Amino acid sequence: MDNKTLLDFLSVAEKLKCTVRHSFTSGGRQESVAEHVYRLCVFAWLVLDEFPELDKEKVMEMCLFHDLGEAVTGDIPCFEKKEEDRQAEESAVRRVTKMLPADRRKRLDALFDELEAGRTGEAELVHALDKMEALIQHNEASIGTWLPLEYDLQLTYGQKEAEAFAYTRQLRKAVEQDSIDKIAKEKRKGHGKAEDFHVSRDKEKLDFGRVVQLMRQSYWAGTRSEEMIRKAMEGSVCYGVYDREGYMVGYARIITDFATTFYLMDVIVDEDYRGKGLGTLLMDAVMDDVGSLHGVLHTDDASKFYERYGFRRHERRQEVLMEKERLDF
């Protein structure tokens with residue numbers, strides 16, 4: 001390939017860096033077509049071992065060039081694209097491939113024909129991953145960038161293409177669950193006042209998975225094993241903070257004889273729900289139960305908060321307090 005042809009073709013490909021898609025990045029800006037193409041290639045490379053029957057080089061080439069026409073036509077979202085738009089993009093592809101030497105043009109045209117027909121395993125996989133990458137990107141972006149129609153589109157787009165393989169079918173379900181969780185989380189965040197939440201010490205209501213997630217947010221129990229978390233729950237009086245749908249957003253536990261002393265531990269509110277007075281709601285419930293007893297707790301950063309409930313640091317008691325470190329076997 002001569003230098004002029006090479007540089008002219010690269011100049012067209014450069015336009016993909018400038019052409020933005022409808023999707024937004026996690027950083028809050030619109031992604032370029034080139035960025036979508038790059039991650040689709042990474043996506044394909046990561047999963048190709050699941051498809052030993054396919055031509056890996058062909059799959060990678062299809063991913064690399066599948067949106068080449070958008071260097072000329074720009075990107076049109078799937079929910080706006082019409083047949084004439086598809087034809088215009090196909091025509092643009094043919095004009096671009098004519099820039100290449102005959103052997104390269106023939107290979108690239110054949111790849112586009114195969115992709116358009118969508119009847120080979122390689123083409124089916126690329127179509128499935130292409131649509132799934134867009135869904136993943138939407139899940140990673142702020143939900144504030146979604147259009148109203150995309151709440152449903154996230155649950156339906158690319159379903160047909162994903163059915164081509166058992167692997168893509170199960171992966172599409174995982175992506176769909178991420179979308180469902182993201183939508184549900186946004187709805188929960190709409191409940192912005194403490195009166196939208198309640199506290200219960202009913203252990204049947206506790207969501208162990210959520211307790212683990214909350215512990216992972218803490219500085220004191222981030223590396224605590226799930227077995228240890230479960231045993232601690234079983235041996236304690238536990239309190240959960242729940243929204244109106246029963247979703248758990250806060251947790252605390254105490255060890256007590258309900259007669260003389262209680263030890264307060266693992267007080268935490270989900271970081272997405274802080275600043276709504278839920279810590280106060282939680283502590284009020286605990287103190288309603290054991291506030292008249294002698295209480296003990298350890299804290300590095302919340303002394304002022306606990307002072308509201310009568311806790312104090314006593315230098316004299318530090319002189320007589322003895323502790324035994326935990327033994328890890």
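The expected span of a helix is 1.5 Å times one less than its number of residues, and helices (H or I, at least four residues) and strands (E, at least two) are DSSP runs numbered from the N terminus. By that rule the 15 residues of α5 should span 21 Å, and the end C-alpha atoms of α5 are 21 Å apart, which agrees. The structure is a predicted model, in which local features need pLDDT of at least 70 and side-chain atom pairs count only at pLDDT 80 or more, while totals for chains, interfaces and linings use all residues. Residues are numbered from 1 along each chain as its sequence is written, and side-chain values use heavy atoms, with hydrogens and water left out.

## Helices and their buried faces

Burial is described here by relative accessible area, where buried means under 20%, exposed over 50% and partly exposed in between (1.4 Å probe, protein chains only). In α5 the buried residues are E89, A92, V93, V96 and T97. Seen down the axis of α5, these buried residues fall within an arc of 130°, so they line one face of the helix; the arc is that of the directions from the helix axis to the C-beta atoms.

In α12 the buried residues are I229, A232 and M233. Viewed down the axis of α12, they fall within an arc of 100°, so they too line one face of their helix, whereas E227, K231 and E234 are exposed on the other side of α12. An α-helix has 3.6 residues a turn, so residues three or four places apart point the same way.

For α7, the 20 residues should span 28 Å at 1.5 Å a residue, and the end C-alpha atoms are 28 Å apart, which agrees. Of the 20 residues of α7, 15 are buried, so this helix is largely enclosed by the rest of the structure.

## The two pockets

On a 1 Å grid over the protein atoms alone, a pocket is an open set of points where a 1.4 Å probe fits, with protein on both sides within 12 Å along at least five of seven lines, and lining residues have an atom within 4 Å of a point. Grid points are joined across faces, edges and corners, and a volume is the space filled by probe spheres set on the points. In the residue classes, Ala, Val, Leu, Ile, Met, Phe, Trp, Tyr, Cys and Pro count as nonpolar, Asp, Glu, Lys and Arg as charged, and the others, Gly among them, as polar.

| Pocket | Volume | Lining by class |
|---|---|---|
| Largest pocket | about 1400 Å³ | 17 nonpolar, eight polar, twelve charged residues |
| Second largest pocket | about 1100 Å³ | 14 nonpolar, eight polar, 16 charged residues |

The largest pocket is lined by 37 residues, and those nearest its centre are Y219, W220, D266, V267 and H298. At least two lining residues are supplied by each of α12, β5, β6, α13 (278–290) and α14 (303–307), and the largest share, seven residues, comes from β6.

The second largest pocket holds about 1100 Å³ of space. Of its 38 lining residues, K81, H127, D130, K131 and Y157 are the closest to its centre. The elements that give two or more residues to this lining are β1 (20–24), α5 (83–97), α6 (102–117), α7 (121–140), α8 (150–156) and α9 (159–162), with the largest share, eight residues, coming from α7.

## Individual residues

D266, one of the residues nearest the centre of the largest pocket, lies in strand β6 and is buried, with a relative accessible area of 7%. D266 has a positive phi of about 55° although it is not a glycine. F258 likewise is not a glycine and has a positive phi, of about 60°; F258 is found in the loop between β5 (248–256) and β6 (261–269) and is partly exposed, at 41% relative accessible area. Most residues other than glycine have a negative phi.

S218 sits in the loop between α11 (208–216) and α12 (226–234) and, at 9% relative accessibility, counts as buried. A polar atom of the S218 side chain lies 2.7 Å from the backbone oxygen of M215, and a polar atom of that side chain lies 3.0 Å from the backbone nitrogen of A221.

D67, in the loop between α3 and α4 (70–73), is buried, with a relative accessible area of 8%. The side chains of D67 and H66 are joined by a polar contact of 3.1 Å, a polar contact being a pair of N or O atoms within 3.5 Å; within protein, one atom must be able to donate a hydrogen and the other to accept it, and residues adjacent in sequence count only if both atoms are side-chain atoms.
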